[in-house]
Amino acid sequence: MWQGVVLQEALALLTLGLVRPWGEVWPRWVSGLRGRRVPVLAATIPAALGALACTVYGVLFLWTTLHADMAITRWGEWVMTICLVPIVAWGPLLAVVTVHYHRRRTRPVGETIV
């Protein structure tokens with residue numbers, strides 16, 4: 001069970017690679033690849049699949065939670081809603097970051113992203 005949590009946290013941490021320099025060039029602690037450029041598709045394909053999976057999971061989780069027969073107070077409903085917003089937002093936000101990473105890494109030299 002804890003292995004699944006560790007895997008989820010590791011994959012979430014990899015999201016930072018889309019916005020940090022170590023997502024463009026392999027870090028020095030990666031033996032055999034250090035200093036080489038990370039292939040664009042090696043980062044964008046898994047990130048896009050992750051964004052799709054997170055979006056589907058978030059929507060399904062929200063749907064089942066909102067349609068469950070729960071005895072909950074008004075305060076509990078607010079707390080639950082506040083806690084669910086990041087789960088639903090993670091997939092679409094990851095998709096936006098993935099598109100930006102792909103555009104930034106594949107643009108011609110000297111061209112700026114507007």
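## Crossing of helices 2 and 3

A crossing of two helices is called left-handed if the near helix is turned anticlockwise from the far one by less than a right angle, and right-handed if it is turned clockwise. In this predicted model, helix 2 and helix 3 cross in the left-handed sense. Helices here are DSSP runs of H or I with at least four residues, numbered from the N terminus.

The axes of helix 2 and helix 3 (residues 74-106) come within 9 Å and cross at roughly 160 degrees. Each axis is a line fitted to C-alpha atoms over the stretch in contact, and angles run from 0 to 180 degrees between N-to-C directions. Helix 2 and helix 3 are therefore roughly antiparallel, a term for angles over 145 degrees.

## Basis of the model

Residues are numbered from 1 along each chain as its sequence is written. Local features of this predicted model need pLDDT of at least 70, side-chain atom pairs count only at pLDDT 80 or more, totals for chains, interfaces and linings use all residues, and side-chain values use heavy atoms, with hydrogens and water left out.

## The salt bridge

One salt bridge is found in a search of the whole structure; the term denotes a side-chain nitrogen of Lys or Arg within 4 Å of a carboxyl oxygen of Asp or Glu. R104 forms a salt bridge with E24, and the closest N and O atoms are 2.5 Å apart. Because R104 lies in helix 3 and E24 in the loop between helix 1 and helix 2, the pair ties together parts that are 80 residues apart in sequence.

R104 is partly exposed, at 21% relative accessibility. Residues under 20% relative accessible area are buried, those over 50% exposed, and those in between partly exposed (1.4 Å probe, protein chains only).

## The nonpolar surface patch

L7, L11, L13, L14, L16, V19 and W22 form a nonpolar patch on the surface, with about 680 Å² of accessible area together. Such a patch joins nonpolar side chains (Val, Leu, Ile, Met, Phe, Trp, Tyr) within 5 Å, from residues with over 30% relative accessible area and no salt bridge. W22 belongs to the loop between helix 1 (2-14) and helix 2 (40-66), and its relative accessible area of 37% makes W22 partly exposed.

## Residues along the helices

L52 lies in helix 2 and is exposed, at 53% relative accessibility. From C-alpha to C-alpha, L52 and A42 are 16 Å apart in space and ten residues apart in sequence.

A95 lies in helix 3 and is partly exposed, with a relative accessible area of 30%. A95 and H67 are 28 residues apart in sequence, and their C-alpha atoms are 27 Å apart in space.

Key: Patches are made of residues with over 30% relative accessible area and no salt bridge: like charges are joined within 9 Å, nonpolar side chains (Val, Leu, Ile, Met, Phe, Trp, Tyr) within 5 Å. Accessible areas come from the Shrake-Rupley method with a 1.4 Å probe; for residues, only the protein chains shown count as cover. Helices (H or I, at least four residues) and strands (E, at least two) are DSSP runs, numbered from the N terminus. Angles under 35 degrees count as roughly parallel, over 145 as roughly antiparallel, 65 to 115 as roughly perpendicular and the rest as oblique.
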